[in-house]
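Could you load this one up and look over a few spots with me? I jotted down some points while going through the coordinates.

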Amino acid sequence: MLKTPASPKAPMATTKDYTASHHGFTLTDPYFWLKDPGYPEVKDEEILGYLAEENSYFGAVMKPQQKLLDAVFEEIKGRQKEDDESVPWKNGAFEYRWAFQKGAEYRTWYRRPVGADDWDVLLDEVTEAEGTEFYRLGGLSVSPCGRYLAYSADKNGSERFTVRVKHLESGELLKDEIAETSGEIIWASDSSGFFYTQVSKEWRPYKVWFHGLGGSDRAVFEEKDTSFFVHISRTSDRQYMIIRSADHVTAENRILPLDAPGGEPVVVAPRRAGHDYTVEHGDEGFYFRSNREHKNFCVYRADDGDMQEDKWQLVLAGDDRHYLTGMQAFRGLLAIEERKDGLDQIRLINTSGGDRYIDFPEPVYEVGLGTNAEYVQDHIRLGYSSLVTPPTVFDYDLASGELVRRKEQEIPSGYDRTAYASERLMVAARDGVMVPVSIVYRKDWKKGAGAPLHLYGYGAYGLGMSPSFSASRLSLLDRGFAYAIAHIRGGDELGYGWYEDGKLEKRTNTFNDFVDVAKHLTDAGYAAKGGISISGGSAGGELMGAVVNQAPELFTAAVLHVPFVDVLNTMLDADLPLTPIEWPEWGNPLEDKAAYETIAAYCPYSNIEAKDYPPMLVTGGLNDPRVTYWEPAKWTAKLRATKTDDNLLLMKINMGAGHGGKSGRFERFHEVAEEYVFILMAFGLAGE
């Protein structure tokens, strides 16, 4: 095991008395003080001082590995094409594309009139990001008239976007500037202004406004229920804006014609608990993807002006094998994203009758609808990859049925896909349920040889982890690792029921699945006993915390990225922006004694024990609005004070970023390199 060095000395956080009482239970938390009461502003000097100590300790421990860190970083960077660019797409009278200049951290966006040779700069993110530690572009939307660009940016990782407007003919920024938005932008048909969503002080998107260019703002809709977030989108035919209020299980949508921006939004189907649905519009009127008749969703349609729910007509039924995950309307057809027996599919339904699936070149892959900017197209653009195939852009020709490869991610330093192999296993969990596992390795990797294995998992919110390609991952594979993805319950790989079986009172299925997969991989010779490193982020970080509590002996090392480990305290804090919307996922321990007991029984932070744990790397972001910085900080502080081993425990809090870490395309690879080097250190491979 990777041991704590004698020097420097690891920080030890102060403990302070804190107790709370719920449902007759007493909750004690000696590290509760690490939550700054002024959050989202963090100014408490004692808290900042402790975080600085941990960051300093991380830097000192990792410093002797600087040569390896640099080498791994350069490997990963070398697999990225420095002057990469997108496949152009058409939208109205213009073509668009983005490109990275050689060595640039951020994109430059371009457009040109259809048929022209030269590209004009639409927006240069490099210039926009100058002088900032963090930069993330949110919305980027050209007005229907083509003269204005509205765009939004987050410059500190807090996911609070500021909208600005650029006159594309003069290149000048208009005085219009709107702060504290979610980043979404929808233009009115006449280009007189645009809609945006305001976020609250607590970071909840809750209020939709219309901003008239050069004028004042008008409130359009406000969501009063603090458990619902608001998002706006536009139908593919550009006729309507959709205002979606939703938590994780219930939705309510309103529509507003974009040629009547001063009108009042109309409710499609009033919210009722458990009914989730989305709205699209096309040739036949409105389309609805709804779970009202089957948990794997069905697709319905209704005529314009007659969209009441009792008038919905079935277009496509979901069933236990067919999980309908998305849709987009085009002239003459409806494209459906679905999973059939857990495998991604694209189904095209013709409005004149008949449907077809698109065939793909590999048996296991991920695919989804790509950039399809126009309602009338002669092709459908798709994004595709597999464990061994780099991200690829395909155009499916609607007339010929041919799948045309437009681009495959280039690996400048070299990549031979024939040197790698992948497998798909089905592993029996302790309750008999079969859990899918995807594995990739070099062909010279040998089962039963005691080679290291890295196991990744997420398992929450119905977000399935597809078997996709990672260029960064090659730095582990080429050092003899196998890499596995456990498709555990809580995701939706095998349908919506797979998600339901990993939430609320069934949450422990997720953790048990992951542990049982690790045990199987060990018993089957994919890893030596105790020879598995693991990683997960956010809710996947919660997974990591739970499994090292349950079965620490299985793992050589664990990496917890922005980990949601303090589930009980967070779900008890209704003032946090994500807490009310999260209750359908985890339960409401404020109101429900059973939910309190369930969460308390598995909450990683609450269940740290005086026993041996594997070496661990924990990360966080000071400006993270999703998993607040104090969750990884409290986990690290309590674990270091409680565990009985002398295995290395490191924490790094990014003081200038949020949930996703650093923002630059190369800068973020430093954090990947740190993770990989930590794993190599744990396996005793840091000299390789």
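Below are my numbered points, from one of the sheets to some single residues and backbone details.

1. Before anything else, keep in mind that this is a predicted model.

2. Let's begin with a sheet. Four strands make it up, in the order E23-E24-E25-E26; the sheet is open and the pairing is antiparallel. The edge positions go to E23 (322-330) and E26 (355-357), and since each of these has a single partner strand, one side of each has no neighbour in the sheet. If you like angles, neighbouring strands here are turned against each other by 25 degrees on average, with direction ignored.

3. Zooming in on one pair of that sheet: E23 and E24 (residues 333-340) run antiparallel and are joined by eight bridges. As a reminder, strands of a sheet pair through backbone hydrogen bonds, in either a parallel or an antiparallel way.

4. Now to the surface. Which residues form the nonpolar patch there? They are Met426, Met434 and Leu494, and together they show about 250 Å² of accessible area. Met426 belongs to strand E31 (residues 420-428). Its relative accessible area is 45%, so Met426 counts as partly exposed, the class between 20% and 50%.

5. His275 is a loop residue, placed between strands E18 (266-267) and E19 (277-282). Is His275 buried or exposed? It is buried: the relative accessible area is 2%, and the cut-off for buried is under 20%. Leaving aside residues up to four places away in sequence, His275 touches Val249, Thr250, Ala251, Ala269, Ser290, Asn291, Arg292, Glu309 and Trp312.

6. You'll find Pro452 in the loop that links strand E32 (434-442) to strand E33 (453-456). With a relative accessible area of 13%, Pro452 is buried as well. Once residues up to four places away in sequence are set aside, the contacts of Pro452 are Trp445, Gly480, Phe481, Ala482, Gly531, Phe683 and Leu685.

7. Next, omega angles. The peptide bond from Ser7 to Pro8 is cis, with omega near 0 degrees. Pro8 sits in the segment before strand E1 (19-22). A cis bond also leads from Tyr39 to Pro40, and there omega is near 20 degrees. Pro40 is in the loop between strand E2 (25-28) and helix H1 (45-62).

8. Finally, phi. His23 has phi near 55 degrees, a positive value in a residue other than glycine. This histidine is in the loop between E1 and E2. How accessible is His23? At 30% relative accessibility, His23 counts as partly exposed. Tyr461 has a positive phi too, near 60 degrees, and is likewise a residue other than glycine. Look for Tyr461 in the loop between E33 and helix H4 (474-477).

Definitions and conventions: Residues numbered from 1 in each chain as written. Predicted model: local features only at pLDDT ≥ 70, side-chain atom pairs only at ≥ 80, totals over all residues. Heavy atoms only, no water. Pairing = 2+ DSSP bridges. Helix = DSSP H or I, 4+ residues; strand = E, 2+ residues; numbered from the N terminus. Axes fitted to C-alpha atoms, helices over the stretch in contact; angles between N-to-C directions. Patch = residues over 30% accessible without salt bridge, like charges linked within 9 Å, V, L, I, M, F, W, Y side chains within 5 Å. Areas by Shrake-Rupley, 256 points an atom, 1.4 Å probe, with all protein chains shown as cover. Salt bridge = Lys/Arg side-chain N within 4 Å of Asp/Glu carboxyl O. Buried < 20%, exposed > 50% of the residue type's maximum accessible area, 1.4 Å probe, protein only. Contact = heavy atoms within 4.5 Å.
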